[in-house]
Amino acid sequence: MNPVRKQRLLLVLAVLVGLAIAVGLMFYALRQNINLFYTPQQVASGEAPLNTQMRVGGLVEAGSVVRNEETLDVSFDITDGKGSFTVHYQGILPDLFREGQGIVANGTLISRERFEAEEVLAKHDETYMPPEVQDALEKAGHPGAQKSSE
């Protein structure tokens, strides 16, 4: 083989190996930062992976909000009409948080019945509902799932 061709071939191979390593590292970093959305029905049925960072959303069940008077610990149940589980949160809830409200929580699913939230987001007015929650409630046939205008 000609020395010039051999040198070009080695250069092309080195570039391809470097590109493959860069793409592999990029996918590894993205995999750790992906934050998928799950509905209460998916969590209750076991579709959501345990001990994984995710977002969940639904309606806060009436009568389920329990606040610890001495700390900022709050627990409440969320549902989409077909599934339900308890969300535990330590911190100050949004001003618009209330029972019957559509919420999205970011955190980790500890078990099929317990979700540890790091952040709780509530809808910002009477007509808006997060799109993921709206779609999940419509699919579940929940009566509170009327279409909203954004």
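Two housekeeping notes before we move. This is a predicted model, where local features need pLDDT of at least 70 and side-chain atom pairs count only at pLDDT 80 or more, while totals for chains, interfaces and linings use all residues. Residues are numbered from 1 along each chain as its sequence is written, and side-chain values use heavy atoms, leaving out hydrogens and water.

**Stop 1: the whole chain**

The protein exposes about 9600 Å², and carbon and sulfur atoms supply 56% of that (accessible areas are Shrake-Rupley with a 1.4 Å probe, and for residues only the protein chains shown count as cover). Of the 150 residues, 31% count as buried; buried means under 20% relative accessible area, exposed over 50%, and partly exposed in between. Take the contacts (heavy atoms within 4.5 Å) between residues at least 6 apart in sequence: 49% of them join residues at least 24 apart.

**Stop 2: helix H1**

Select residues 9-30. UniProt lists them as "transmembrane region" in an unreviewed entry; such annotations may be inferred rather than shown by experiment, and the positions are in the numbering used here. This stretch is 100% helix and 0% strand, with its end C-alpha atoms 32 Å apart.

Now pick Leu 16, which sits in helix H1 (residues 3-33). Leu 16 belongs to a nonpolar surface patch whose members include Met 1, Val 12, Val 23, Phe 27 and Leu 30, with about 1100 Å² of accessible area together. (Patch residues have over 30% relative accessible area and no salt bridge; nonpolar side chains, meaning Val, Leu, Ile, Met, Phe, Trp and Tyr, are joined within 5 Å, and like charges within 9 Å.)

**Stop 3: Asn 51**

Jump to the loop between helix H2 (40-45) and E2, where you'll find Asn 51. Its phi is near 55 degrees, a positive value in a residue other than glycine. At 59% relative accessibility, Asn 51 counts as exposed.

**Stop 4: Ser 75**

Next, strand E4 and its Ser 75. Ser 75 is buried, with a relative accessible area of 14%. Leaving aside residues up to four places away in sequence, Ser 75 touches Ser 64, Val 65, Val 66, Thr 86, Val 87 and His 88.

**Stop 5: the salt bridge**

How many salt bridges does the structure hold? One, counting a side-chain nitrogen of Lys or Arg within 4 Å of a carboxyl oxygen of Asp or Glu. Select Glu 116 and Arg 114, whose side chains meet at 2.4 Å, N to O. Glu 116 is partly exposed at 27%, and Arg 114 is partly exposed at 33%.

**Stop 6: helix H3**

Finish on H3 (residues 131-140) and show Val 133, Gln 134, Ala 136, Leu 137 and Ala 140, which are buried. They span an arc of only 165 degrees around the axis, so they lie on the same side of H3 (the arc is taken from the directions from the helix axis to the C-beta atoms). The buried residues of H3 pack against strands E1 (36-38), E2 (53-60), E4 (73-79) and E6 (102-111). After H3 comes Gly 141, with a positive phi near 75 degrees.

Definitions and conventions. Helices (H or I, at least four residues) and strands (E, at least two) are DSSP runs, numbered from the N terminus. Buried means under 20% relative accessible area, exposed over 50%, partly exposed in between (1.4 Å probe, protein chains only).
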